[in-house]
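Read the following with the sequence and the model side by side.

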Amino acid sequence: MKNSFFVLLLSFVLVVTACGNEEKETTNEPKDDEAIEETKNEEETIAKEEEKDEDVTEEKEAEVDVQPSYIVNEKTWKVEPIKDANDKVVLLTIDDAPDKHALEMAKTLSEKNVPAIFFVNGHFLQNEEGKKTLKEIADLGFPIGNHTYHHENLTEISEEKQREEIISLNDLVEEIIGSRPQFFRAPFGANTDTSLRIAKEEKMIPMNWTFGYDWEADYQSKDALEKIMVETPYLSNGAILLTHDRSWTNEALEGMINGIQEKGYEFLDPNKIQKEKEAA
Ligand SMILES: [Zn+2]
């Protein structure tokens, strides 16, 4: 009785506060209006994107090792095996990167051979240091996802502005690492029809998450976060884990990974997720 109450309470906390608190956390993020001016070339973007199509096909043929064997379910926000791929997997994602801890997190993950997607914002990529950090994370082999340029709530801005928030970041990421993001996560998980359409035009897989805790006041410490990420009833097959570029998440990362692996879960390689282009 006590347990089911706890689970119920947890569900409530999770569902009700996931977006709200992240919003509180992230409204403090630096905003830079100058950045908008730097990145306005929508027409060029479209032309560039058309040129790219052929390259992608060649790349696909070269990747014999990694067959697409999972999809992202856009209703449950879990990953699902297409055929007989291992279903006891979870996917790790790190948002609001690369701020102060992303590179260290990437190095920890790399040492442990744990794949993850880093969802980045343009406002962290405006100076050389941010660009260099992104390049280092990408060079360690981590896929980079689009988390929009300024982390605004897409439900509150015009269609034109949404397009700019998404495309300008893809242009910037491509300029820095040489390829465009293949995954898209709306700030606060607040997708709109427009942003989903643009994500698909850009061949990005939209991706919210199944659970996460590091924006909750109760879990902003190494021990508490490590424990809840492993013991939560939401840890289940195909779960997409949301974490952030934060000091306590950085500190909890290794213990969290060990705990989840001890429970028998494999961290899914995002390259095994079927790309938008390949969808029927
Ligand atoms: Zn975010």
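Which residue with a positive phi follows helix 4? It is N113, and its phi is near 60°. This is a predicted model, in which local features need pLDDT of at least 70, side-chain atom pairs count only at pLDDT 80 or more, and totals for chains, interfaces and linings use all residues. Residues are numbered from 1 along each chain as its sequence is written, and side-chain values use heavy atoms, with hydrogens and water left out.

Helix 4 covers residues 102-111. Its buried residues are A102, L103, M105, A106, T108 and L109. Buried means under 20% relative accessible area, exposed means over 50%, and partly exposed lies in between (1.4 Å probe, protein chains only).

The protein has 9 helices and 9 strands. Helices (H or I, at least four residues) and strands (E, at least two) are DSSP runs, numbered from the N terminus. Of the 280 residues, 50% are buried. Among contacts (heavy atoms within 4.5 Å) with a separation of 6 or more, 76% are between residues 24 or more positions apart. The accessible surface comes to about 13,800 Å², and carbon and sulfur atoms hold 47% of it; such areas come from the Shrake-Rupley method with a 1.4 Å probe, and for residues only the protein chains shown count as cover.

Now to the charged side chains. A search of the whole structure finds 17 salt bridges, a salt bridge being a side-chain nitrogen of Lys or Arg within 4 Å of a carboxyl oxygen of Asp or Glu. One of them joins E136 and K132, at 3.5 Å from N to O. Both residues lie in helix 5 (residues 128-139), 4 residues apart, about one turn of the helix. An α-helix has 3.6 residues a turn, so residues three or four places apart point the same way. E136 counts as partly exposed because its relative accessibility is 28%, whereas K132, at 57%, is exposed.

R180 takes part in salt bridges with D171 (2.9 Å, N to O) and with E202 (3.0 Å, N to O). Salt bridges with shared partners join D171, E174, R180 and E202 into one network.
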